[in-house]
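Please look at the sequence and the fold below before reading on. The text then walks through some parts of the chain.

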Amino acid sequence: MTLHHVRRGVGSPLLLVHGLGAGLRSWDPIIDALAAHREVIAVDLPGFGQTAPLPGEVSIATLADSVTQFIGEQGLDGVATAGQSLGGRIVLELARRGIGGDTVSLDPGGFWNERELAVFSYTLRPSITLVRALRGALPALLGNPVSRTALLAQLSARPWALTQQTVLPDLLGLADAAATDEAMDALTKGPKQQGAAPGTVPGRVTVGWGRRDLVTVARQARRAAAAFPDATLHWFPKCGHFPQWDAPHEAVELILSGTD
C-alpha cells in the first residue's frame with residue numbers, strides 16, 4: 001500500500017504521522033514552520049485523508065507496518081519521525097522496532113490503566129457520534145467561540161482562542177474518515193504500547209505531553225517515560241491533547257530540537 005503524502009521544504013527529512021482526524025491536514029497549523037527548516041513528509045494513514053483503507057485487520061501493528069513500508073518505498077531509512085496521539089503511538093512503535101531515527105511523540109495513546117482506558121473509550125466515542133450528527137453545522141458551530149468551546153472542551157485547553165480554520169479539518173476528519181472506528185478499536189481493544197529497553201531505540205526519543213490533556217491524561221506521561229527509559233519528557237504547560245493547536249510555536253521548537 002502506498003500512503004498518500006505531501007513533501008515540503010528542504011533539509012534533513014522529517015516524517016509526520018497524524019492522529020485521529022484530518023489525516024496529514026492535522027499538521028496544517030505547524031507544517032509550514034517545520035518546512036522552513038526541514039524537508040517535511042506528511043502521510044495520510046490508511047483510511048484517513050486520501051489513503052485507501054487497509055484491506056485486512058486495522059491495528060497499531062498493521063498501521064505501523066504501513067508506515068514502515070512507506071519508509072522503505074521512499075528511501076527514508078533512518079528518517080526522523082514525529083507523531084501526535086495515534087500517530088505518537090505509531091512513531092514510538094517504530095522506535096521500539098528499531099525503525100527510523102530520532103523520534104518525537106506528542107500525547108500518545110497506549111499508556112492508560114484500565115480505568116483511564118474505559119473513560120477514554122466511553123467519552124471519545126460519543127464525541128465522535130456527536131460530531132457526525134452535527135457534521136453539516138460544524139463550520140458555523142466552530143466559527144462561534146461559545147459553541148467551539150463546548151465542542152472542543154475535551155480536546156483543547158483553550159478552545160475559545162482557536163480558529164475555525166485550525167480545528168475544522170480534524171473534526172470533519174473524525175466524522176468522515178473510513179478508518180475512524182477501526183482505529184478507535186485498535187486503540188481501545190488492542191494491546192497497550194510496549195516499551196523499549198535502554199539503548200535499543202535507533203535515535204533520541206522525546207515525549208511531549210499537555211498538562212491539561214483530557215484524552216490521554218497527564219499522569220500517563222510518566223508511564224510512557226518509564227516504558228522508554230531513554231526518552232526525554234517535555235511538558236506543555238497550557239496545552240490539551242493537540243499541541244499543534246494549543247502551543248504551535250512550542251510544538252515546532254520541540255520537534256526541531258528533538259530531531260536531526
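The paragraphs below go from strands to a helix, then to single residues and aromatic rings.

This is a predicted model, in which local features need pLDDT of at least 70 and side-chain atom pairs count only at pLDDT 80 or more, while totals for chains, interfaces and linings use all residues. Residues are numbered from 1 along each chain as its sequence is written, and side-chain values use heavy atoms, with hydrogens and water left out.

Start with strand S5, residues 103–106. Helices (H or I, at least four residues) and strands (E, at least two) are DSSP runs, numbered from the N terminus. In a regular strand the side chains alternate between the two faces of the sheet. In S5, Thr 103 and Ser 105 lie on one side and Val 104 and Leu 106 on the other, and all are buried. Here buried means under 20% relative accessible area, exposed over 50%, and partly exposed in between, with a 1.4 Å probe and protein chains only.

Which strands pair with S5? Strand S4 (residues 80–84) pairs with S5 in the parallel sense over four bridges, and S6 also pairs with S5 in the parallel sense over four bridges. Two strands pair if DSSP finds at least two bridges between them. Leu 106 in S5 stands opposite Gln 84, and its bridge partner in S6 is Gly 208. From S4 the chain passes through helix H3 (residues 86–97) to S5, a β-α-β crossover that is right-handed. Right-handed means that, with the strands pointing away from the viewer, the path from the first strand over the helix to the second runs clockwise.

Most residues other than glycine have a negative phi, and most peptide bonds are trans. Ser 85, in the loop between S4 and H3, has a positive phi of about 60 degrees. Asp 107, in the loop between S5 and H4, has a phi near 45 degrees. Ser 85 counts as buried because its relative accessible area is 13%; for Asp 107, also buried, the value is 0%.

Next comes helix H9, residues 220–227, where Gln 220, Ala 221, Ala 224 and Ala 227 are buried. Why are they on the same side of H9? They cover an arc of only 125 degrees around the axis, so they share one side of H9; the arc is that of the directions from the helix axis to the C-beta atoms. Arg 222 and Ala 226, on the other side of H9, are exposed. The buried residues of H9 pack against helix H4 (114–133), strand S6 (205–210) and strand S7 (232–236).

Gln 193 sits in the loop between helix H8 (180–189) and S6. Its relative accessible area is 8%, so Gln 193 is buried. Gln 193 and Gly 109 are 84 residues apart in sequence and 7.8 Å apart in space, C-alpha to C-alpha. Leaving aside neighbours within four places in sequence, Gln 193 is in contact (heavy atoms within 4.5 Å) with residues including Ile 60, Arg 89 and Phe 228.

The last stop is the aromatic rings. How many aromatic pairs does a search of the whole structure find? The search finds two. One of them joins Phe 242 and Trp 245, stacked at 4.0 Å centre to centre with 10 degrees between the planes. Rings of Phe, Tyr and Trp (its six-membered ring) pair if their centres lie within 6.5 Å; planes under 30 degrees apart count as stacked, over 60 as edge-to-face and the rest as tilted.
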